[in-house]
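Trainee: Please take a close look at one single part of what is shown below. Then connect that part with the rest.

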Amino acid sequence: MATQQTRSLARFMMAPSVVLLFVWMIVPLVITIWFSFQQYNPLNPIRDGFVGFSNYALFYSNPAFLQSILNTLTLVISVLLITVIGGILLALLIDQPMWGQGIVRILVISPFFVMPPVAALVWKNMIMHPQYGVFADMARFFGAQPIDWFGQHPMLAIIIIVAWQWLPFATLILLTALQSLDGEQKEAAEMDGAGFISRFIYLTLPHMSRAITVVILIQTIFLLSVYAEILVTTNGGPGYASTNLPFLVYQKALLEFKIGQASAGGVIAVILANIVAFFAMRAVGKNLDK
Amino acid sequence: MARSVTTRHKTIATIAAWIVALLIFFPILYTIITSFKSEQEAIQGFSIIPSGTFESYSEVQAQNGYFKFFFNSVLLSVGSTILALLVAIPAAWSMAFSPTKRTKDILMWMLSTKMMPAVAVLFPIYLIFRDTGLLDSRIGLMVMLMLINLPIVVWMLYTYFREIPGEILEAARMDGASLWNEIIYVLTPMAVPGIASTMLLNIILAWNEAFWTIRLTTTEAAPLTAFISSFSSPQGLFWAKLSAASTLAIAPILIMGWFSQKQLVRGLTFGAVK
């Protein structure tokens, strides 16, 4: 009797969260799928109607599409590589005994709290500007020609900015994991004559594996939908050189008002995210069982 | 002998770590420095000693009405966080204290909703907001931010609540505490730290959210993310002003962030790393 009561109370307490999230997920998604089979242009409604898969075909045959998928993957993979490897190295460094460790931690973690538009604008204007940026000042100091980052290497520039934002996150989490490593184990390994490298490979790395998995999962979620950084720096250009999938969908929907095509792109983005999510969630689920 | 080696090791580590840390922090530091320069100084090449003028700060307020955006940011991040807590606390509570076979599936499902790319639902949400008059309204955006962060809030509260030992509740009940007393005197004091941490992290996430806050607002409800983005097409070079605006936009959250490093790790890793 009592358990029955508790159980229905539990259901009642859970209902608002579950219902809200369910509605928030399903309603817009269904509308998107519906629009992806429609011709719909708010500016030119004459030809509106059901068009089957032609939006997908149009979106697919758009040269920007493959480019945007490629850019999305390039961004995710490069930033993951930089932040995970850099994060491990930085965590190992900061974990050493030193003076002012607390302040070092604070300095390193700071970029994570900078909102994306600020991060992008600061890098665009103060650091990478071909005329007045710090990089240009440095290049001139060494007698070199300043680089037009966003004109010549737009993807690289965006990768640098996004990696700068996420490196602190990876470092902080990996450092936390590192610091929970049992000191006695480390000492025992040292006594047994294990060098720094073998200690790292056989003791530290396995200990950090769970944290690394989590870092990859969380970052992937956010990196797949990088938007503000592109909006305020290159606006997807030059051409489509730095357009990722979210940005392409945004352009189609709110700039060109090709709602059908944008929705088809949105559905593709969902499928892509789900493929990634499938693997990521399994990894996390496994780790949380421990 | 061994001691001198340790000191040397420590010295090298200190120097290396400080150099790397300062390099990483440099863009922020340089922004703060530039915000105290005049517009003339700001584009005159590299220098780390500003003339110390506050004119950019007063201009950002006078010309752009900075405080309206700041106020919106505070309202949206705090408001959406309180909304999320109101919805999430009961859910996390029941999952932590009376878990069923499906509890873990529900948690994973909630997390999976975070995987949905925002752009995929941009247009439907835009339509819904437009047709219900929620476009550029603080309430609409508050609900939006609440929904976005709800999975993380539920997860984080759940990991905190799970650590409250159930035996304490039983003991209180045996001592004859009523349900109400149990909640007020036993549970609340133990739950408050977890709730506070969750709140802190969620305010940071909501403050920095830069997709919906930019796309669903124009003037009335626009927070700092939208305000800063409006600087992306500058009419002329207003770098001191941009720096002042940026400094003001990140300062509150930066300071909050420094104090919440531990909670951040825990919250963003769903309790997997502590």
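Mentor: D136(B) sits in the loop that runs between α6 (122–131) and α7 of chain B. Helices here are DSSP runs of H or I with at least four residues, strands are runs of E with at least two, and both are numbered from the N terminus. This is a predicted model, in which local features require pLDDT of at least 70 and side-chain atom pairs pLDDT 80 or more, while totals for chains, interfaces and linings use all residues. Residues are numbered from 1 along each chain as its sequence is written, chains are lettered from A, and ligands are numbered from 1, in the order in which they are written.

The backbone at D136(B) has a positive phi, near 60 degrees, in a residue other than glycine. Most residues other than glycine have a negative phi. D136(B) counts as partly exposed because 17 C-beta neighbours lie inside 10 Å. The scale calls a residue buried at 20 or more other C-beta atoms within 10 Å of its own, exposed at 12 or fewer, and partly exposed in between, with C-beta atoms placed from the backbone.

N235(A) is partly exposed, since 16 other C-beta atoms lie within 10 Å. Another loop of chain B, between α2 (39–42) and α3 (55–64), holds G52(B). G52(B) is classed as exposed because its count is 8 other C-beta atoms within 10 Å. Its C-alpha is 6.1 Å from that of K37(B), at a sequence distance of 15 residues.

From the loop of D136(B), the chain goes on to helix α7. What does α7 of chain B contribute to the largest nonpolar core? The core has 162 residues, and V162(A), I173(A), L174(A), A88(B), V154(B) and L157(B) have the most contacts inside it. Such a core is a set of buried Ala, Val, Leu, Ile, Met, Phe, Trp, Tyr and Cys residues joined through C-beta atoms within 7 Å. Helix α7 (residues 138–161) of chain B supplies the largest share, 17 residues. At least three residues of the core come from each of domain 1 (2–35) and domain 2 (65–268) of chain B; these bounds come from an automatic or database domain assignment. Beyond its neighbours within four places in sequence, V162(A) contacts L75(A), V79(A), L223(A), V226(A) and E229(A), where a contact means C-beta atoms, placed from the backbone, within 7 Å.

The two domains of chain B have C-alpha centres 33 Å apart. Their contact involves 4 residues of domain 1 and 6 residues of domain 2. On the domain 1 side there are 1 nonpolar, 3 polar and no charged residues. In this classing, Ala, Val, Leu, Ile, Met, Phe, Trp, Tyr, Cys and Pro are nonpolar, Asp, Glu, Lys and Arg are charged, and the others, Gly among them, are polar.

Between the chains, 76 residues of chain B contact 80 residues of chain A. Helix α1 (residues 2–35) gives the most to the chain B side, with 16 residues. That side divides into 58 nonpolar, 16 polar and 2 charged residues.

Of the contacts in chain B between residues at least 6 apart in sequence, 79% join residues at least 24 apart.

Chain A has 13 helices and 2 strands, and 43% of its 290 residues are buried. In its helix α5 (residues 116–127), 12 of 12 residues are buried, including W123(A), K124(A) and N125(A).

Notes
Two residues are in contact if their C-beta atoms, placed from the backbone, lie within 7 Å.
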